[in-house]
Amino acid sequence: GITEFISLYNPRNPEFRPLQLFTYMFAHGGFFHIFFNMMILATTGPILENFWGQKKFLFFYIFTGVGAGVFHLVVETFFFPGMNSMMLGASGAIYGILMAFGMMFPNLEMMLLFPPIPIKAKYLVWVLGVMTFLMSGGGVAHFAHLGGIVFAFILLRIWRSQGGGYF
C-alpha cells in the first residue's frame with residue numbers, strides 16, 4: 001500500500017528510493033504513533049512558528065526530519081549491518097522540534113496531561129528524550145529520535161553563530 005511505498009528503507013533494500021528520506025515523515029504506524037507526534041507538534045510547534053515565521057519553521061521541520069532519517073540509516077548501516085528495516089513517522093522531526101523548544105524557551109512551564117503537573121521545557125525535553133530509549137519492544141526508531149535531536153542542535157548552533165541568537 002501507500003504506507004509501504006513512502007516509508008524509508010535501508011539502502012541495501014531494493015525498495016529504497018532517496019525521496020523516502022522526505023516521504024517517510026508522512027506515514028505513521030498507528031493511532032498512538034500519530035497522536036503523540038501531533039500532540040507535541042500542536043503544543044510546541046505554534047510557539048516556534050510564531051517566533052521564526054512559517055518558512056523558517058517549515059525548513060527546520062524538514063531539515064530535522066530528513067536529518068533523523070539520514071542519522072538512522074547511518075547508524076543502522078555501520079553499527080547494525082544485518083538489519084534491513086523499514087521506518088516511518090515524523091518522530092525524528094518532532095524530537096527536533098522538542099529540542100528547539102527546550103533550547104529556546106527552557107524556562108517556559110507546560111502542563112502535562114498525564115500526570116497533570118507543570119514542567120519546564122528544558123526538563124520535558126530530557127524526560128521525553130530518555131523515555132524514547134527506555135521504551136520496550138521493537139519497532140521504535142530510537143536512533144531517528146536521537147538524529148532529530150542532533151540535527152536540531154546543529155542547526156540551532158549554526159543559526160546562533162550567524163545571528164547572535166537562535167533566530
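Threonine 77 is partly exposed, with a relative accessible area of 29%; buried means under 20%, exposed over 50%, and partly exposed in between, with a 1.4 Å probe and protein chains only. The model is predicted: local features need pLDDT of at least 70 and side-chain atom pairs count only at pLDDT 80 or more, while totals for chains, interfaces and linings use all residues. Residues are numbered from 1 along each chain as its sequence is written, and side-chain values use heavy atoms, with hydrogens and water left out.

**Threonine 77**

- Threonine 77 belongs to helix 4; helices (H or I, at least four residues) and strands (E, at least two) are DSSP runs, numbered from the N terminus.
- Apart from neighbours within four places in sequence, threonine 77 is in contact with Asn10 and Arg12, where contact means heavy atoms within 4.5 Å.
- A C-alpha separation of 37 Å is found between threonine 77 and phenylalanine 51, which are 26 residues apart along the chain.

**Overall fold**

- The protein chain has 7 helices and 4 strands.
- Their order along the sequence is α-β-α-α-α-β-α-β-β-α-α.
- The radius of gyration is 16 Å, close to the 15 Å that the globule rule gives for 167 residues, so the protein chain is as compact as a globular protein of that length.
- That radius is taken over C-alpha atoms, and the globule rule is 2.2 Å times the number of residues to the power 0.38.
- Along the principal axes, the C-alpha atoms fill a box of roughly 45 × 40 × 30 Å.
- Of the contacts between residues at least 6 apart in sequence, 69% join residues at least 24 apart.

**Surface and charge**

- Buried residues account for 43% of the 167 residues in the protein chain.
- The protein chain exposes about 9300 Å², and carbon and sulfur atoms supply 73% of that area.
- Accessible areas come from the Shrake-Rupley method with a 1.4 Å probe; for residues, only the protein chains shown count as cover.
- There are 8 positive and 5 negative side chains, and the centres of the two sets lie 15 Å apart.
- In this count Lys and Arg are positive and Asp and Glu negative, with His and the chain ends not counted.
- Each charge is placed at NZ of Lys, CZ of Arg, CG of Asp or CD of Glu.

**Nonpolar core**

- The largest nonpolar core has 40 residues, and those with the most contacts inside it are Leu8, Leu48, Trp52, Phe60 and Leu156.
- Two or more residues of this core come from each of strand 1 (8–9), helix 3 (31–52), helix 4 (54–79), helix 5 (91–104), helix 6 (121–134) and helix 7 (142–163).
- Helix 5 gives the most to this core, with 10 residues.
- A nonpolar core is a set of buried Ala, Val, Leu, Ile, Met, Phe, Trp, Tyr and Cys residues joined through side-chain atoms within 4.5 Å.

- Glycine 65 lies in helix 4 and is buried, at 0% relative accessible area.
- Not counting residues up to four places away in sequence, glycine 65 touches Leu21, Tyr24, Met25 and Ala93.
- With neighbours within four places in sequence left aside, histidine 72 is in contact with Ser85, Met87, Ala141, Phe143 and Ala144.

**Serine 91 and histidine 145**

- Serine 91 is in helix 5 and is buried, with a relative accessible area of 9%.
- Beyond its neighbours within four places in sequence, serine 91 is in contact with His33, Asn37 and His145.
- Serine 91 and isoleucine 34, 57 residues apart along the chain, have C-alpha atoms separated by 8.7 Å.
- Histidine 145 is in helix 7 and is buried, with a relative accessible area of 8%.
- Histidine 145 and isoleucine 34, 111 residues apart along the chain, have C-alpha atoms separated by 14 Å.
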